Amino acid sequence: MDREEFRKIQTRRRFFQECAGGIGIAALAQLMEQEGRGAVTEINPLAPRKPHFPAKAKNVIFMFMEGGPSQIDLFDPKPGLQKWSGKPLPAEMTKDLRLAFTKPNAAVLASPRTFTPHGQSGIEFSDYIPHIGSCADDLCLVRSMYTDAFNHHPGQLLLFGGSIQVGRPTMGAWVLYGLGSESQNLPGFVVLSSGVGTSGGTSNWSSGFLPSTYQGVVFRSSGDPVLYLSNPPGVTGEMQRGSLDVLKDLNQEHYSETGDLEIASRISSYELAFRMQSAAPELLDFSRESPETLELYGINDGPSKQFGTNCLLARRMVERGVRFVMLTHASWDDHTDLNRKLKKSCDIADKPTAALIKDLKQRGLLENTIVVWGGEFGRTPMVEIRDPRDVNNAGRDHHPLAYSLFLAGGGIQGGQVIGKTDELCMNVIEDKVHVHDLQATLLHCLGLEHTRLTYHHMGRDFRLTDVAGNVVKKMLA
């Protein structure tokens, strides 16, 4: 044996390639198949994959209202608060309450909002969100949500990653890992943001320990959709294509030697970025949208322009096969000046939200697209006063034990209310829905059994719902 032949068998992988032949390859393929890393996935990590069972939904638009919208002032009318307004609750009612800033003996703040029934279903919504109310018969309003975290970042980690620990894959990444993407020219998981930013930031759309190709890609609503997407001056498309071909050959050679899925992700990302250079600008071109559509989304209105633009982009993305679109708007964290700040947020989000649901429906897209609208927790029935000298300074603290969100489309039964809170909106008293239950239900609508959607990491199988979660059958159509 000469020196060159000896060098070839110095690694175990090289030994199996040269000596073990088909036996080693078959064993490796079986192990990788058990981890959901079959041949198709390795060649193109974003290739469409079959769900575990037939599904009604194909796409998700998650409208994340960062900070925690006040359910008491928007979705869950509590006239019983009037008799307590300005007075503290009895100690036995608040002894187990965990609050971020307010003391449990703070006075109750009754809502000044007017609630009216909407649609044939008669669901009551606040006067701050009349456009959302007009969609009542398509909405499943859940008034019995609860979570384990009472601060923003942990609450957002739990909602999107299934754990308050940083580093877990998020909901969009899990969906993309399970189903792949039907879009060839756009990312499978896109993030659109407006407002002041989220507490969780990139951890809300991270791929965690999943291959990086499954993480969310942040789009901008003007200029280059993704930074550095355009070629620098003097670089032609032909020049770039030649460079990418050389990189692809080198990466594929490295991948064949190591089997590292991050290299497959890198190849896929380079190729996707090249295709996006022509697809992404077309996505942002609203010239073919009718004036009526632009008006519907509030794009011509000052307050709702940015969020309305993102909502229209979300519709255009699911039309083009994007699997998971995350719309974030911040912030609904109204510790002070509740009435003014809440009105401002509703003026931004109300009209575009309703427009998105109605537009999806009339285009036949709502039946296979799940829309979710909500925050990481709700707000307290007690008042928070940060400046006693200002009578208009009243706000509400974080409240994880009882809050509201709504869903529409994609196998969700509209025109109904699920769950009930007590007369003070302190606790859920009927049909409790934990965030893990919400996650399990969303995956179910996409044809994914949440206990089977796992990834082996650090010696055990992980999943979005951690070790909990049940499908909420009342939500299903």
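Analyst: Across the whole structure, a search finds 23 salt bridges, a salt bridge being a side-chain nitrogen of Lys or Arg within 4 Å of a carboxyl oxygen of Asp or Glu. Side chains of opposite charge can pair when their charged atoms come close. The model is a predicted one, in which local features need pLDDT of at least 70 and side-chain atom pairs count only at pLDDT 80 or more, while totals for chains, interfaces and linings use all residues. Residues are numbered from 1 along each chain as its sequence is written, and side-chain values use heavy atoms, with hydrogens and water left out.

One of these pairs joins Arg-315 to Glu-289, with 2.7 Å between the closest N and O atoms. Arg-315 belongs to helix H13 (residues 305–319) and Glu-289 to the loop between helix H11 (261–283) and helix H12 (291–296), so the pair ties together parts that are 26 residues apart in sequence. Helices here are DSSP runs of H or I with at least four residues, strands are runs of E with at least two, and both are numbered from the N terminus. Both partners, Arg-315 and Glu-289, are buried, where buried means under 20% relative accessible area, exposed over 50%, and partly exposed in between (1.4 Å probe, protein chains only).

A further salt bridge brings together the side chains of Arg-363 and Asp-359, at 2.8 Å from N to O. Arg-363 counts as partly exposed because its relative accessibility is 34%, whereas Asp-359, at 2%, counts as buried. These two residues, together with Arg-315 and Glu-289, belong to a network of salt bridges that also links Glu-282, Arg-316, Glu-319 and Arg-320.

Arg-386 and Glu-384 form another salt bridge, their closest N and O atoms lying 2.7 Å apart. Arg-386 is partly exposed at 46% relative accessibility, and Glu-384 is buried with a relative accessible area of 6%.

Gly-67 sits in the loop between strand S1 (59–66) and helix H5 (71–74), and it is buried, with a relative accessible area of 0%. Its C-alpha atom lies 8.4 Å from that of Gly-378, although the two residues are 311 residues apart in sequence. Among the residues that Gly-67 touches, with those up to four places away in sequence not counted, are His-152, Trp-332, Asp-333 and Arg-379.

His-152 leads on to helix H8 (residues 152–161), in which 8 of the 10 residues are buried, so the helix is largely enclosed by the rest of the structure. His-152 is itself one of those buried residues, as are Leu-157, Leu-158, Leu-159 and Phe-160. H8 is followed by Gly-162, whose phi is positive, near 80°.

Thr-454, in strand S16 (residues 454–457), is partly exposed at 21% relative accessibility. Thr-454 touches Trp-174, Tyr-177, Asp-461, Phe-462 and Arg-463, not counting residues up to four places away in sequence.

For the chain as a whole, there are 15 helices and 17 strands, and 53% of the 477 residues count as buried. Of the contacts with a separation of 6 or more, 78% are between residues 24 or more positions apart. As for confidence, the mean pLDDT is 87, and 79% of the residues reach 70 or more, pLDDT being the predictor's confidence in each residue, from 0 to 100. Over residues 31–42, however, pLDDT stays under 50, and for this stretch the model has 17 contacts beyond four places in sequence.

Note on methods. Contact means heavy atoms within 4.5 Å.
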